[in-house]
Amino acid sequence: MSAYSRAYQGLVKGGMSATAAANLLGQLRAETGAELSAGALARATEMYSETPTDSKAIKRRKTSRFGAVRDAADWLITATTTGRLTTTPHQRDHRSNT
């Protein structure tokens with residue numbers, strides 16, 4: 001049984017508090033983010049590693065692309081550990097004139 005199913009069953013059938021389930025799901029989300037980040041960095045290293053025949057321009061391009069992937073991987077870790085993948089837009093009353 002997956003951890004998600006265990007949390008769901010614990011909440012539905014009882015035996016697990018909502019706080020414990022939320023903590024479990026938060027840990028799973030953080031682990032998933034770390035694994036995705038590590039996979040992205042491994043793939044970037046594989047794709048953008050330098051070869052002896054690369055010119056300086058190609059090396060700069062590969063370094064730039066690797067940096068972009070590294071930044072995305074860092075964002076992924078931050079987003080999954082905080083639990084917020086996006087920002088919620090401000091909700092305003094659609095009937096308002098302002």
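Colleague: Why is L28 called buried?

Modeller: L28 has a relative accessible area of 14%. Buried means under 20% relative accessible area, exposed means over 50%, and partly exposed is in between, using a 1.4 Å probe and protein chains only. So L28, at 14%, counts as buried. Keep in mind that this is a predicted model, where local features need pLDDT of at least 70 and side-chain atom pairs count only at pLDDT 80 or more, while totals for chains, interfaces and linings use all residues. Residues are numbered from 1 along each chain as its sequence is written, and side-chain values use heavy atoms, with hydrogens and water left out.

Colleague: Where does L28 sit, and what is it in contact with?

Modeller: L28 is in helix α2, residues 18–48. Helices are DSSP runs (H or I, at least four residues), strands are E runs of at least two, and both are numbered from the N terminus. Contact means heavy atoms within 4.5 Å. Leaving aside neighbours within four places in sequence, L28 is in contact with A3 and Y4. A3, under the same exclusion, is in contact with L24 and L28.

Colleague: What makes A3, A7, A21, L24 and L28 a nonpolar core?

Modeller: A nonpolar core is a set of buried Ala, Val, Leu, Ile, Met, Phe, Trp, Tyr and Cys residues joined through side-chain atoms within 4.5 Å. These 5 residues make up the largest such core. α1 (3–13) and α2 each supply at least two of its residues, and α2 gives the most, with 3. As background, nonpolar side chains tend to be buried together in soluble globular proteins.

Colleague: How do you know that the length of helix α3 agrees with its residue count?

Modeller: The expected span is 1.5 Å times one less than the number of residues. For the 27 residues of α3 (residues 56–82) that gives 39 Å, and the end C-alpha atoms are 39 Å apart, so the two agree. K62, G67, A73, L76, A79 and T80 are buried in α3, and what covers the buried residues there includes α2.

Colleague: How many salt bridges does the structure hold?

Modeller: The structure holds 2 salt bridges. R43 and E46 make one of them, at 2.6 Å, N to O. Being 3 residues apart in helix α2, R43 and E46 are separated by about one helical turn. R43 is partly exposed at 44%, whereas E46 is exposed at 57%.

Colleague: Why is L11 called partly exposed?

Modeller: L11 has 46% relative accessibility, so L11 counts as partly exposed. L11 lies in helix α1, and together with Y8 and V12 makes a nonpolar surface patch of about 320 Å². Patches take residues with over 30% relative accessible area and no salt bridge; like charges are joined within 9 Å, and nonpolar side chains (Val, Leu, Ile, Met, Phe, Trp, Tyr) within 5 Å. Accessible areas come from the Shrake-Rupley method.

Conventions. Areas by Shrake-Rupley, 256 points an atom, 1.4 Å probe, with all protein chains shown as cover. Salt bridge = Lys/Arg side-chain N within 4 Å of Asp/Glu carboxyl O.
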